[in-house]
Amino acid sequence: MIRSVGSRVVYENRWMRVREDAVERPDGSRGLYGVVEKPDFVAIAAIDRPRRLIHLVEQYRYPVAGRYWELPQGSWETRPDVPPEEVARAELSEETGIVAKKMTRVGDLFLAYGYSSQRYHIFLAEDLEQGAAALEAEEADLVSRAFPLAEVEAMIADGTIRDATTVAAFGLIRLKGLL
């Protein structure tokens with residue numbers, strides 16, 4: 001097992017911290033490991049079962065310079081102690097205006113554990129009521145729309161949906177027989 005023999009923060013802001021760890025490998029050799037620490041987040045699949053629709057959001061993603069469809073998702077950086085279901089309910093309402101009468105925890109996955117400790121919690125939202133969205137400044141250009149489930153599957157297959165969280169969450173929900 002690799003063990004840390006020292007650590008230093010090399011960058012930090014409200015949303016993330018990057019640290020560099022001095023490590024010792026099982027064979028005794030030494031090296032460096034960069035780790036990105038970000039708060040856990042939630043991803044919500046809001047399903048309108050009677051109409052076989054799923055709600056997605058589209059927004060501009062600065063690091064990849066493009067707009068993409070994805071499941072509603074988010075975190076509360078300043079309140080990491082809030083239970084994931086509470087965050088999921090709030091993020092869904094904030095981004096789409098949807099209030100879910102039923103929220104089912106599907107599971108959790110690590111985003112990219114080769115370099116980050118960040119995990120995301122997947123929820124299935126059902127029995128939906130439409131209200132008004134309350135977007136934050138960073139989300140001002142966000143668009144919300146419901147798509148037929150078959151169309152979302154096609155969008156994943158043809159590369160229109162490129163968000164790994166959305167693809168993995170959708171797949172896990174399917175594998176568990178929840179869709």
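Is Glu-126 buried or exposed? Glu-126 is buried, with a relative accessible area of 8%; buried means under 20% relative accessible area, exposed over 50%, and partly exposed in between, with a 1.4 Å probe and protein chains only. The model is predicted: local features need pLDDT of at least 70, side-chain atom pairs count only at pLDDT 80 or more, and totals for chains, interfaces and linings use all residues. Residues are numbered from 1 along each chain as its sequence is written, and side-chain values use heavy atoms, with hydrogens and water left out.

**Glu-126**

- Glu-126 belongs to strand E9. Strands (E, at least two residues) and helices (H or I, at least four) are DSSP runs, numbered from the N terminus.
- Glu-126 is in contact (heavy atoms within 4.5 Å) with Ile-47, Arg-49, Ala-100, Lys-101, Lys-102 and Thr-104, leaving aside its neighbours within four places in sequence.
- The C-alpha atoms of Glu-126 and Asp-48 are separated by 6.5 Å. Along the chain, Glu-126 and Asp-48 are 78 residues apart.

**Strand pairing**

- Strands count as paired if DSSP finds at least two bridges between them.
- Strand E5 covers residues 53–61, and seven of its nine residues are buried, so E5 is largely enclosed by the rest of the structure.
- E5 pairs with strand E4 (residues 41–48) in the antiparallel sense over three bridges. Ala-46 has His-55 of E5 as its bridge partner.
- E5 also runs antiparallel to strand E10 (residues 143–148), joined by six bridges. Here Leu-56 stands opposite Arg-145.
- Five bridges join E5 to strand E6 (residues 66–70), again antiparallel. Tyr-60 stands opposite Arg-67 of E6.
- E4 runs parallel to strand E9 (residues 119–130), with six bridges between them. Phe-41 has Tyr-120 of E9 as its bridge partner.
- Strand E8 (residues 98–110) and E9 are antiparallel and share 11 bridges. Met-103 stands opposite Ala-125 in E9.

**Hairpin turns**

- Most residues other than glycine have a negative phi.
- Arg-52 has a positive phi near 55°. Arg-52 lies in the loop between E4 and E5, a hairpin with four residues between its strands.
- Arg-52 is partly exposed, with a relative accessible area of 49%.
- Ala-65 has a positive phi of about 50° although it is not a glycine. Ala-65 lies in the loop between E5 and E6, and this hairpin has four residues between the strands.
- Ala-65 is exposed, at 56% relative accessible area.

**Nonpolar cores**

- A nonpolar core is a set of buried Ala, Val, Leu, Ile, Met, Phe, Trp, Tyr and Cys residues joined through side-chain atoms within 4.5 Å.
- The largest core has 22 residues. Those with the most contacts inside it are Ala-45, Ile-47, Ile-54, Leu-56, Ile-122 and Val-152.
- E4, E5, E9, helix H2 (149–157) and H3 each give two or more residues to this core.
- Leu-56 is in contact with Trp-69, Glu-70, Leu-71, Val-143, Ser-144, Arg-145, Phe-147, Val-152, Met-155 and Ile-161, leaving aside its neighbours within four places in sequence.
- A second, separate core has 12 residues, including Ala-88, Ala-100, Phe-123 and Ala-125.

**Pockets**

- On a 1 Å grid over the protein atoms alone, a pocket is an open set of points where a 1.4 Å probe fits, with protein on both sides within 12 Å along at least five of seven lines; lining residues have an atom within 4 Å of a point.
- The largest pocket has a volume of about 1,400 Å³. Grid points are joined across faces, edges and corners, and a volume is the space filled by probe spheres set on the points.
- Its lining has 36 residues, of which Lys-38, Gln-59, Arg-61, Glu-70 and Gln-73 lie nearest the centre.
- Elements giving two or more residues to that lining are E5, E6, strand E7 (73–74), helix H1 (84–96) and helix H3 (164–175).
- The lining of the largest pocket divides into 14 nonpolar, eight polar and 14 charged residues. Ala, Val, Leu, Ile, Met, Phe, Trp, Tyr, Cys and Pro count as nonpolar, Asp, Glu, Lys and Arg as charged, and the others, Gly among them, as polar.
- The second largest pocket holds about 160 Å³ of space. Among its lining residues are Phe-41, Trp-76, Arg-79 and His-121.
- E4 and H1 are the elements that give two or more residues to the lining of the second largest pocket.
- By class, the lining of the second largest pocket has eight nonpolar, one polar and two charged residues.
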